[in-house]
Amino acid sequence: MMKRLVPTFNRILVQRVIQPAKTESGILLPEKASSLNSGKVIAVGPGSRDKDGKLIPVSVKEGDTVLLPEYGGTQVKLGEKEYHLFRDEDVLGTLHED
């Protein structure tokens, strides 16, 4: 049975990106060189409501790569995969390839 988690309110489901331990040419990288804490957004909630009841949508979308805080979030395990739930305001930024 396949499980799917749909976040509520302004939460996002993220799968952390594991940085490579070596380059394509085979050079081993030190642990500190690959310390960027990022993840791929798997699912997003609908957003939260302001004091007037208007919907404030989540600022990221599925497929975005985001910069995450070092600590925080809630770890969730679905099958063999690990995910983390964060609030939209906990995300530090989005990463774009130039």
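Accessible areas here come from the Shrake-Rupley method with a 1.4 Å probe, and for residues, only the protein chains shown count as cover. With that in hand, the chain has an accessible surface of about 7600 Å², and 53% of that belongs to carbon and sulfur atoms.

Before we go on, two housekeeping notes. This is a predicted model, where local features need pLDDT of at least 70, side-chain atom pairs count only at pLDDT 80 or more, and totals for chains, interfaces and linings use all residues. Residues are numbered from 1 along each chain as its sequence is written, and side-chain values use heavy atoms, with hydrogens and water left out.

So, what is the chain made of? It has eight strands and zero helices; helices (H or I, at least four residues) and strands (E, at least two) are DSSP runs, numbered from the N terminus.

Let's look at how some strands pair, which takes at least two bridges found by DSSP between them. Follow β7, residues 81-87, on your screens. Strand β1 (residues 11-16) pairs with β7 in the antiparallel sense over four bridges, and in that pairing I12 has F86 as its bridge partner. Strand β6 (residues 74-78) also pairs with β7 in the antiparallel sense, over five bridges. There, Q75 has H84 as its bridge partner. The hairpin of β6 and β7 has two residues between the strands, and G79 takes a positive phi near 65°.

Now, the inside. Of the 98 residues, 24% count as buried, meaning under 20% relative accessible area, with exposed being over 50% and partly exposed in between (1.4 Å probe, protein chains only). In soluble globular proteins, nonpolar side chains tend to be buried together. A nonpolar core is a set of buried Ala, Val, Leu, Ile, Met, Phe, Trp, Tyr and Cys residues joined through side-chain atoms within 4.5 Å. Which residues form the largest one? There are nine: I12, V14, V41, V58, V60, V66, L68, F86 and V91. Apart from that core lies another, of five residues, among them A43, V76, Y83 and L85.

Zoom in on V41. Leaving out residues up to four places away in sequence, V41 touches I12, L13, V60, K61, E62, G63, D64 and V66, where contact means heavy atoms within 4.5 Å. Across the chain, among contacts between residues at least 6 apart in sequence, 62% join residues at least 24 apart.

One last stop: S38, in strand β2 (residues 38-44). Why does S38 count as buried? Because its relative accessibility is 4%. The C-alpha atoms of S38 and R16 are separated by 6.0 Å, with the two residues 22 apart along the chain.
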